[in-house]
Amino acid sequence: MTLVYFTDSWKIGRIYFIPTMRIFVFLVLFTVAIGSENFNSHVFPRPLIIDYPENNEPQLKDELKCTTWRFAVETNNLSPWKTIPEECADYVRQYIVGPGYKMDINRVSNEAGVYAKSVNLGDDGKDVWVFDVDETLLSNLPYYSDHGYGLEVFDSVEYDKWVEKGMAPALGSSLKLYKEVLSLGFKVFLLTGRSERHRSVTVENLMNAGFHNWHKLTLRGSNDHGKTATTFKSERRNEMVEEGFRIVGNSGDQWSDLLGSSMSNRSFKLPNPIYYIP
């Protein structure tokens, strides 16, 4: 039970009530207060204490911790991280293979499509939409399902073996957005952190997955290795702007796809709680 004191202009003494009645009692008292002819919206009885029972179930606590962790990831509030928390392995797996991940990427692509339709494109063909590739157009979940959905430290050698298979499927909602922005008249630039040596297999994979008619595909050259993704992608966007292109939209799963210099007018971040690229 909770002991609540109400003070100021009207006192009703001490009220004892069980947890399930607290909100009900609050609503009744609030209704009485606003019904008073002398009610002042700037003066409210205080202290008003509404306690919620703490849930001590370990499973629920772990789920809430992992939910807040994923929220921090998506809002770019975490310091650089290498793996998902061990206690969140099952949580991330369930999110990725369940309906949540699909609903989230659908929402991002739908909102991007609404924005794309609202843009008045120029007559010079210089309006650009930039897409990242991995976890934006192509999904590498078949690979990460065998590597703990981000629980393992990234192994570039094993990952490159997967890339070289050229079997990454398309993200359905991204394919729909991709076709939509092309039909609206945007030039499409693909800007990926994949190595230039993977150009042929990347082109083949993209085309087999349904992606066609991009204007330019940019990968990391020999001079780009060692640069952060933010630096590399900023430099390539700078080049687009110097060539007279207007970067109107940008879609990526990492903040490093979107931040830096020559940013787009609108950026759309797809969810990715599996890995982080600075």
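This is a predicted model: local features need pLDDT of at least 70, side-chain atom pairs count only at pLDDT 80 or more; totals for chains, interfaces and linings use all residues.
**Entry 1. The whole protein.** I began with the inventory: the protein has ten helices and seven strands. I then looked up burial, and 42% of the 278 residues count as buried. The exposed surface comes to about 15,600 Å², and carbon and sulfur atoms supply 55% of it. I also checked how far apart along the chain the contacting residues lie. Taking contacts with a separation of 6 or more, I found that 67% are between residues 24 or more positions apart.

**Entry 2. Helix H7 by itself.** I turned to H7, which covers residues 172–184. Its 13 residues reach 19 Å from the first C-alpha to the last, close to the 18 Å expected at 1.5 Å a residue. Just after the helix I noted Gly 185, which takes a positive phi of about 110°.

**Entry 3. What is buried in H7, and under what.** Which residues of H7 are buried? I listed Ser 173, Ser 174, Leu 175, Leu 177, Tyr 178, Glu 180 and Val 181. Next I looked for what covers them.

**Entry 4. H7 against H4.** H4 spans residues 99–118, and its axis comes within 9 Å of the axis of H7, crossing at roughly 5°. Angles under 35 degrees count as roughly parallel, so H4 is roughly parallel to H7. On the H4 side, the residues in contact are Ile 105, Asn 106, Ser 109, Asn 110, Ala 112, Gly 113, Ala 116 and Lys 117. On the H7 side they are Ser 173, Ser 174, Lys 176, Leu 177, Glu 180, Val 181 and Leu 184. Sorted by class, this contact has six nonpolar, six polar and three charged residues. I set down a general point beside these lists: an α-helix has 3.6 residues a turn, so residues three or four places apart point the same way.

**Entry 5. H4 against H3.** H4 also packs with helix H3, residues 89–97. How are these two set to each other? Their axes are 3 Å apart and the angle is about 55°, so H3 and H4 are oblique to each other. From H3, the residues Tyr 95, Ile 96 and Val 97 meet Pro 99, Gly 100, Tyr 101 and Asp 104 of H4. By class I wrote down five nonpolar, one polar and one charged.

How values were computed
Residues are numbered from 1 along each chain as its sequence is written. Side-chain values use heavy atoms; hydrogens and water are left out. Axes are lines fitted to C-alpha atoms, for helices over the stretch in contact, and angles run from 0 to 180 degrees between N-to-C directions. Helices (H or I, at least four residues) and strands (E, at least two) are DSSP runs, numbered from the N terminus. Angles under 35 degrees count as roughly parallel, over 145 as roughly antiparallel, 65 to 115 as roughly perpendicular and the rest as oblique. Contact means heavy atoms within 4.5 Å. Ala, Val, Leu, Ile, Met, Phe, Trp, Tyr, Cys and Pro count as nonpolar, Asp, Glu, Lys and Arg as charged, and the others, Gly among them, as polar. Buried means under 20% relative accessible area, exposed over 50%, partly exposed in between (1.4 Å probe, protein chains only). Accessible areas come from the Shrake-Rupley method with a 1.4 Å probe; for residues, only the protein chains shown count as cover. The expected span of a helix is 1.5 Å times one less than its number of residues.
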